[in-house]
Every structure is written in C-alpha cells, then in structure tokens.
Amino acid sequence: MLRNADALLLKARSVIPDAAGLVLCDDRAHARAVGALLRTVAGEKSIVVVSDEPGAHGRIDRFARGDAGAPRWLVAVNMVSEGVDVPRLLIAAYATVKRTDLFFRQAVGRIVRRRAQDPDDVLATVFMPADPTLKQCAERVEVELRQQVSDEVGAAFDVERPLGLARRADFE
C-alpha cells in the first residue's frame with residue numbers, strides 16, 4: 001500500500017510540486033515502524049506526529065508550509081481532527097484499525113482540500129484496506145462530495161471509478 005501510495009504521490013508531484021501524503025497509524029510504535037518503512041520505500045525521512053507528544057502541532061505546521069526540502073510524507077496518530085489544515089495533502093494511506101464514520105470523514109477531509117493554484121483534474125486518493133465498513137464510509141463520502149461539486153466540475157470526474165479510491169488494477 002505504501003509503495004503504491006508513494007508512486008502515485010510522486011506522479012502527482014510532477015503537477016503539484018509540494019503535494020504530500022498522510023499515513024494514519026494506530027499508536028506510537030506503529031507510527032515509528034511506518035516512518036521507518038516509508039524511509040525505505042520513499043527514500044526520505046517522513047515527519048511522525050503523535051497527539052500526546054510535545055511539539056506535534058509545530059511539526060505539522062512546518063510540514064504544512066512545505067518549505068524547500070520538506071518531506072512528502074506525514075505519519076500521524078490521532079492528529080486528523082478538525083483544526084488540522086495541511087492543504088498540500090493529496091494522498092492518504094489508511095493504516096489504522098479505526099473504523100468509525102467520523103474518523104474516516106476527518107481523514108478524508110485532510111486530503112480533499114484544494115488551493116487556488118492546484119489543477120482541478122488532480123484527485124485526492126485514499127489507499128485503504130478492502131474492509132466492508134471502510135468501503136461503506138468511502139461510498140457515503142463520495143456521494144456527498146459529488147453532490148457538492150458543480151455540474152461543470154462533476155462532469156470531469158470519471159463516473160465509472162469512485163472518487164479517490166485507487167484499485168489494485170491501477171498498479172498492476
């Protein structure tokens with residue numbers, strides 16, 4: 001999942017140079033392990049933030065600015081709540097066991113934001129397990145997002161493929 005997510009992120013960065021990804025983890029140990037794995041997969045260090053660690057919000061703020069040389073991946077535990085704004089996030093890897101509608105919506109909310117300079121045809125993408133509960137959450141979010149988009153923008157979406165859901169066939 002991380003390899004595919006990073007490949008898509010690299011492709012997106014050819015259009016949006018500061019595009020970034022978010023990996024949602026369960027706990028501190030999981031986040032550290034994912035951070036180490038991402039270093040191997042992506043070839044660079046990621047930013048790891050855990051809600052109960054001092055300075056977590058400051059690290060997110062620095063990541064959000066996307067200064068030159070900023071890493072492209074943010075690995076987080078309990079840091080996707082309202083108030084976290086990282087508009088350069090475009091890809092999410094849902095690696096947590098959390099299966100609530102609210103948490104899923106908050107996660108998706110971190111990556112569907114667009115800046116004025118971002119092209120309209122670049123889609124936010126969530127990589128997630130093929131879990132029935134998550135699939136239902138994704139379908140509900142997709143329906144709601146499609147209802148919110150204007151007819152002009154909505155017509156640009158490929159109606160045969162759910163918004164932002166990458167499928168295994170996309171990477172084979």
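**Exercise 1.** In this predicted model, is phenylalanine 103 buried or exposed?

*Solution.* Start with the relative accessible area of phenylalanine 103, which is 10%. Buried means under 20%, so phenylalanine 103 counts as buried.

**Exercise 2.** Let's turn to the rings. How many aromatic pairs are there, and what is the geometry of each?

*Solution.* The count comes to two aromatic pairs. Take tyrosine 94 with phenylalanine 103: the ring centres are 6.1 Å apart and the planes stand at 75°. Planes over 60 degrees apart count as edge-to-face, so that is the label for this pair. Next, take tyrosine 94 with phenylalanine 104: here the centre-to-centre distance is 5.6 Å and the planes make 50°, a tilted pair. Since tyrosine 94 belongs to strand S4 and phenylalanine 104 to helix H4, this pair ties together parts that are ten residues apart in sequence. As for accessibility, tyrosine 94 is buried at 1%, and phenylalanine 104 is buried at 2%.

**Exercise 3.** Why is helix H4 described as largely enclosed by the rest of the structure?

*Solution.* Helix H4 spans residues 101-111, and eight of its eleven residues are buried, so the rest of the structure largely encloses this helix. Among the buried residues are Gln106, Gly109 and Arg110. Now look for the partners: the buried residues of H4 pack against strands S1 (20-24), S4 (89-94) and S5 (125-127), and against helix H5 (132-148).

**Exercise 4.** Which residue lies over the face of phenylalanine 63?

*Solution.* Look above the ring: arginine 88 lies over its face, 4.2 Å from the ring centre.

Technical notes: Residues are numbered from 1 along each chain as its sequence is written. This is a predicted model: local features need pLDDT of at least 70, side-chain atom pairs count only at pLDDT 80 or more; totals for chains, interfaces and linings use all residues. Side-chain values use heavy atoms; hydrogens and water are left out. Buried means under 20% relative accessible area, exposed over 50%, partly exposed in between (1.4 Å probe, protein chains only). Helices (H or I, at least four residues) and strands (E, at least two) are DSSP runs, numbered from the N terminus. Contact means heavy atoms within 4.5 Å. Rings of Phe, Tyr and Trp (its six-membered ring) pair if their centres lie within 6.5 Å; planes under 30 degrees apart count as stacked, over 60 as edge-to-face and the rest as tilted. A charge sits over a ring if NZ of Lys or CZ of Arg is within 6 Å of the ring centre and within 35 degrees of the ring normal.
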